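Please view the sequence and the model together while reading.

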Amino acid sequence: MKKFTFGLDTVLDYKNQVLSNLQMEHGKIIAEMNHQENIMKDLKDRYEKLRIEFNDKKLYGMTIMEARTFQLYLSQIENQIKAQEKKLEEVKKREEKKRREVVESKTESAAIEKLREKKKTQYDAKVKKSEELFIEEFVSNSTSTIERPASNCQ
């Protein structure tokens with residue numbers, strides 16, 4: 001019998017390549033999201049340190065100019081945090097969308113792979129049946145050749 005071939009192998013290869021590309025894109029988005037989260041953490045840490053410093057200085061006294069500078073700087077950091085939150089939300093939405101694409105692509109590839117395995121199992125069963133028939137026929141022919149009476153040539 002001829003070697004097993006699956007008609008959708010090229011489609012399966014293409015789907016696996018698409019899946020691989022989507023996974024790489026998803027990984028890049030996750031790295032970007034982690035970077036944005038680190039920026040957010042740094043901004044919040046800086047804000048908290050500055051707020052603590054401002055409160056400490058208020059207890060010991062400061063000029064109006066110093067207080068105004070602290071307030072402006074705190075306000076600026078708050079605005080940066082809000083802007084960063086928007087960026088982070090946008091990246092999270094992109095990540096979620098890409099994750100759904102990866103899952104969909106995995107499902108498509110898995111369905112084709114399952115079909116391939118089913119066809120391979122059917123092919124293997126046919127090959128086994130064919131081999132069994134061949135062996136059975138071979139044994140049958142061998143037995144009939146052995147059992148045939150020899151002619152007396154005297």
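This is a predicted model: local features need pLDDT of at least 70, side-chain atom pairs count only at pLDDT 80 or more; totals for chains, interfaces and linings use all residues.

**Salt bridges, aromatic pairs and buried serines**

Glu96 and Arg100 are joined by a salt bridge in which the closest N and O atoms lie 3.5 Å apart. Both residues belong to helix H2, where a spacing of four residues corresponds to about one turn of the helix.

**Salt bridges**

- The structure contains eleven salt bridges.
- One of them connects the side chains of Lys15 and Glu108, with an N to O distance of 2.7 Å. This pair links distant parts of the chain, since Lys15 is in helix H1 and Glu108 is in helix H2, 93 residues apart.
- Lys15 has a relative accessibility of 21% and therefore counts as partly exposed; Glu108, at 30%, is also classed as partly exposed.
- Another salt bridge is formed by the side chains of Glu25 and Lys98, at 2.6 Å from N to O. Because Glu25 lies in helix H1 and Lys98 in helix H2, the pair ties together parts that are 73 residues apart in sequence.
- Is Lys98 buried or exposed? Lys98 is buried, because its relative accessible area is 14%, which falls under the 20% limit for that class.

**Serines of helix H2**

- Ser105 is located in helix H2 and is buried, with a relative accessibility of 4%.
- Which residues does Ser105 touch, when those up to four places away in sequence are not counted? They are Lys15, Val18, Leu19 and Leu22.
- Val18, one of these contacts, is in helix H1 and is partly exposed at 26% relative accessibility. The C-alpha atoms of Val18 and Ser105 are separated by 7.4 Å, although the two residues are 87 residues apart along the chain.
- Ser109 is likewise a residue of helix H2, and its relative accessibility of 6% places it among buried residues.
- The side chain of Ser109 makes a polar contact of 3.4 Å with the side chain of Asn16. With residues up to four places away in sequence left out, Ser109 touches Leu12, Lys15, Asn16 and Leu19.

**Aromatic pairs and a surface patch**

- The count of aromatic pairs comes to three. In one of them, the ring centres of Phe4 and Tyr123 are 5.3 Å apart and the ring planes stand at 50 degrees, so the pair is tilted.
- This pair links distant parts of the chain: Phe4 is in the segment before helix H1 (9–60), and Tyr123 is in helix H2, 119 residues away. Phe4 and Tyr123 are both buried.
- Phe134 and Phe138 form a stacked aromatic pair, with 6.4 Å from centre to centre and 20 degrees between the planes. They are four residues apart in helix H2 and are therefore separated by about one helical turn.
- Phe134 is exposed at 58% relative accessibility, and Phe138 is exposed with a relative accessible area of 53%.
- Together with Ile135 and Val139, Phe134 and Phe138 form a nonpolar patch on the surface, with about 450 Å² of accessible area in total. Helix H2, in which Phe134 lies, covers residues 64–147.

Methods. Residues are numbered from 1 along each chain as its sequence is written. Side-chain values use heavy atoms; hydrogens and water are left out. Patches are made of residues with over 30% relative accessible area and no salt bridge: like charges are joined within 9 Å, nonpolar side chains (Val, Leu, Ile, Met, Phe, Trp, Tyr) within 5 Å. Accessible areas come from the Shrake-Rupley method with a 1.4 Å probe; for residues, only the protein chains shown count as cover. A salt bridge is a side-chain nitrogen of Lys or Arg within 4 Å of a carboxyl oxygen of Asp or Glu. Helices (H or I, at least four residues) and strands (E, at least two) are DSSP runs, numbered from the N terminus. Rings of Phe, Tyr and Trp (its six-membered ring) pair if their centres lie within 6.5 Å; planes under 30 degrees apart count as stacked, over 60 as edge-to-face and the rest as tilted. Buried means under 20% relative accessible area, exposed over 50%, partly exposed in between (1.4 Å probe, protein chains only). Contact means heavy atoms within 4.5 Å. A polar contact is a pair of N or O atoms within 3.5 Å; within protein, one must be able to donate a hydrogen and the other to accept it, and residues adjacent in sequence count only if both atoms are side-chain atoms.
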